[in-house]
Every structure is written in C-alpha cells, then in structure tokens.
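Good morning, colleagues. I would ask you to turn to the structure on the screen, and I shall take you through a few of its local features.

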Amino acid sequence: MKHVIVGNGVAGVTAAQSIVRADTDAEAHIFGAEPYPYYRRPLLWEFIAGQIEQNDLYFRPAEWYAEQGIQLHLGTEVTALDAAEHRLTLANGSHTDYDRLLLATGGRPFIPPCEGTDKEGVFTLRTLDDALAIKAYAQKVSTALVIGGGLLGLETARALRTAGPDVTVIEFFPYLLPRQLDEEGAEVLQSLLEAQGMKVLTGATTEAVLGDVCADCIRLKDRRIIEGELVLFSTGIRSEISLAQAAGLETNRGIVVDDQLQTSAEDVFAAGDAAEFEGRVYGIIPPAIEQARIAAANMVAPESMTYSGTLPSTTLKVAGAELTSLGEAVAEGEEYTELRHADLAAGHYRKFVLRDGRVVGAILLNEKERTRPATQLIERQVDVSAYVDRLLDDDFDLRSLL
C-alpha cells in the first residue's frame with residue numbers, strides 16, 4: 001500500500017510515523033516544498049532571538065526518515081491532484097501515484113488590506129526562510145513593529161526585542177490575545193510585556209507602510225505615525241487549500257473532512273491547519289497531531305478511528321510569563337458563569353468559565369500548577385457546582401475534584 005503525504009509539517013510527519021508503525025510493509029512518502037526536513041515552527045522565534053541554532057530546530061536529521069522507512073522528497077512541490085486517477089503532478093512535470101493520500105498542506109500568512117506591504121523590510125513569519133531573513137534584517141535596524149498581538153506576534157516581538165531593536169506591538173482589537181484572553185487577563189499580560197521594555201498599542205488599525213524603497217514607519221487609520229524599520233505582519237493564517245480546490249474537493253475555510261478525516265474524494269484525507277472539521281479550522285499544534293494520528297490510522301485500516309474534535313489548548317511563554325488558554329475561555333452568554341482572580345502586581349491571573357456547573361474553559365497566567373487539573377476537569381466534564389465559591393482560592397487544590 002502506497003501512502004503519500006503532501007506537506008512536511010507536524011501533521012505530515014506525525015502521520016508518516018503513525019503509518020509505518022501501524023503497517024511495517026507500508027510505503028510512505030512525504031513531499032515537502034521546502035528544502036528542509038521537518039522543523040518546529042514554534043521555535044522559530046527562539047532562533048530569531050539567537051537563543052538556539054538552526055540545527056536545533058530540526059525534529060530529526062534527514063537520514064532518520066529513511067531509517068524509519070519514510071521516503072522524504074524535499075524541495076518537491078506538488079502542483080496538481082487528480083483524485084479520480086489517484087495521481088499527483090510535481091513542479092518538475094513528473095507524476096506520482098498513490099493508494100491513499102493525506103493533504104497536510106498547512107496554512108499561509110494572511111496580510112489584511114494595507115498599502116506598502118511590498119517594501120523592503122516588511123515580513124511575515126511562517127517558514128524557516130522567513131526566520132532567516134528576519135534575523136538578518138533585525139541586525140541592521142534599531143526599531144521594529146509587529147502588527148498583530150496574537151500568540152505568534154507576541155512571541156516574535158519578544159524575540160526581536162531580545163535580538164536588539166526596540167519593538168512596538170500594534171493590535172487591532174482593544175486588547176492582546178483576543179482569541180485566548182479576556183480584557184482583564186490581557187491587562188495583566190500587557191503590564192508584564194511593558195515591564196520587559198516592549199511597547200503595546202491596542203485598538204489600532206494599520207493603514208499603510210511608509211518609506212521610499214525600505215519601510216521606515218507605518219500610518220495608522222487615526223493618522224498617527226509609528227516608527228519602525230522592520231515591519232512584521234502577524235495577522236493570522238489561512239488554510240492552504242489551493243491544491244484541493246483545483247482538484248474539485250469540497251472546501252470552505254479549509255479542506256472539509258468527516259469524522260474519519262476523509263475529504264470529499266475517495267482515499268484522500270486531510271489534517272492540520274489545512275483541514276476543516278465541523279466548520280472549524282483549529283490552526284494550533286495539538287489538534288494537528290491528533291488529526292494526523294487518526295487520519296493515518298484510517299489510511300492503514302479504514303474506519304478504525306473517529307475524530308470528534310480537540311479541546312483547544314494554547315500555551316504562550318513570553319517575557320517570563322506562561323499563559324495557558326483552554327476550551328471556551330472567552331465564551332460569552334447567559335448560560336456561562338465566569339470566575340476571575342487577578343493580581344496585577346504579581347503578574348497572576350486565573351479565570352474559569354462554567355456552564356451547567358461544569359468547567360468548559362479556563363485562562364491561567366503564571367498559574368502552571370493549575371493547568372493540568374483544569375484541563376482534566378474540562379475533559380472529564382466534572383460537576384463542580386458545590387465548589388464554585390472555592391475554585392479561585394489560593395489554597396484550593398483542583399486535583400481534589402478529579
């Protein structure tokens with residue numbers, strides 16, 4: 001059985017590993033457009049900061065794949081899919097066939113409408129080549145702007161600050177991390193960032209990148225001018241669906257999959273940032289790994305596993321702070337009860353979101369010891385009604401509820 005995987009990211013490599021472990025006779029191929037073996041994207045900001053070397057990014061050396069029985073095709077872009085013929089076309093004009101296919105094509109950076117984004121000194125961060133270019137450019141400038149106060153934006157802003165330039169974060173929403181934090185928690189995080197020497201502007205829309213050939217500042221919608229010789233857009237990703245779309249597969253925001261992670265085409269599966277399950281593209285690593293394992297299982301043994309969604313969990317380590325956002329952390333509505341405790345001076349924040357007496361979401365800033373039990377409370381749907389008045393107490397052990 002020949003299994004082909006398009007995409008050399010975490011979903012693609014996880015699936016390949018799962019396939020060869022489940023079926024030692026399987027033929028597994030990974031096609032990656034980049035020239036590098038799989039590297040850990042969440043560490044790119046540490047590489048930019050100079051805290052690790054390029055070799056530290058790689059999950060395994062290229063020869064490891066062959067030892068595992070995985071055939072790795074680097075620098076090989078797949079340009080077309082013929083699902084009826086079970087055939088892929090490569091950029092060099094050659095073809096390869098497959099018995100079962102996994103589309104793990106990931107995502108691409110999204111830049112909102114803005115003038116001047118073609119100037120020198122304007123970047124996005126998605127690939128190792130992006131990181132290499134940003135790292136080199138950061139050594140030549142004294143000011144940098146990060147457009148977007150999400151997870152990657154804040155991590156990269158901290159990396160740039162470590163590398164040397166003065167950094168300002170520009171966030172469109174009224175507060176940082178709007179997908180993971182509420183306003184009160186964001187206030188605690190922002191104070192920590194500013195104590196580390198970073199500037200933060202919220203509720204600000206970037207209208208144009210200014211400069212002759214190179215960027216030297218931006219203009220906001222309210223006409224303010226903010227200086228910055230390096231401008232990094234960290235304004236989200238969009239699923240890379242062009243290959244699937246051109247092949248006639250069902251797509252929406254992502255490649256639509258069922259609970260087997262199968263697409264609308266027979267023997268074609270999708271996982272990771274490219275996949276959309278029940279109207280949702282997760283865009284974070286834990287679901288990509290879970291989807292890849294389940295897709296791989298169903299490629300080897302059809303209908304052997306089902307996928308029911310992943311508990312959203314994101315962790316950010318920046319400026320000496322550790323933030324974890326779980327489940328329906330920013331949900332709003334009459335059916336939810338919110339419990340909050342903030343200590344601005346100490347840089348601590350904890351919040352629990354309850355529905356029908358059960359914890360369905362949590363925000364934990366510098367509350368590491370509560371992260372695992374909070375996750376388990378959500379996963380096990382434990383009724384905590386009798387302890388609502390004590391959940392936020394410093395001396396209350398969440399593990400006692402499990």
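Predicted model: local features only at pLDDT ≥ 70, side-chain atom pairs only at ≥ 80, totals over all residues.

Let me begin with the cysteines. A disulfide is a covalent bond between the sulfur atoms of two cysteines. How many disulfides does the count give? The count comes to zero. Cys214 takes part in no disulfide, and the nearest cysteine sulfur, belonging to Cys217, lies 12 Å away. Cys217 is likewise in no disulfide; for Cys217 the nearest cysteine sulfur is that of Cys114, at 11 Å.

I turn now to the backbone. His86 is not a glycine, yet has a positive phi of about 55°. His86 sits in the loop between strand E4 (78-82) and strand E5 (87-90), and counts as buried because its relative accessibility is 19%, which is under the 20% limit. Gln381, also a residue other than glycine, has a positive phi near 55°. Gln381 belongs to the segment after helix H9 (368-380) and is exposed, with a relative accessible area of 54%.

Finally, the surface. Which residues form the negative surface patch? They are Asp258, Asp259, Glu278 and Glu303. Of these, Asp259 lies in the loop between strand E18 (255-257) and strand E19 (268-270). Asp259 is partly exposed, with a relative accessible area of 35%.

Notes: Residues numbered from 1 in each chain as written. Heavy atoms only, no water. Patch = residues over 30% accessible without salt bridge, like charges linked within 9 Å, V, L, I, M, F, W, Y side chains within 5 Å. Areas by Shrake-Rupley, 256 points an atom, 1.4 Å probe, with all protein chains shown as cover. Salt bridge = Lys/Arg side-chain N within 4 Å of Asp/Glu carboxyl O. Lys, Arg positive; Asp, Glu negative; His and termini not counted. Charge placed at Lys NZ, Arg CZ, Asp CG, Glu CD. Helix = DSSP H or I, 4+ residues; strand = E, 2+ residues; numbered from the N terminus. Buried < 20%, exposed > 50% of the residue type's maximum accessible area, 1.4 Å probe, protein only. Disulfide = S-S within 2.5 Å.
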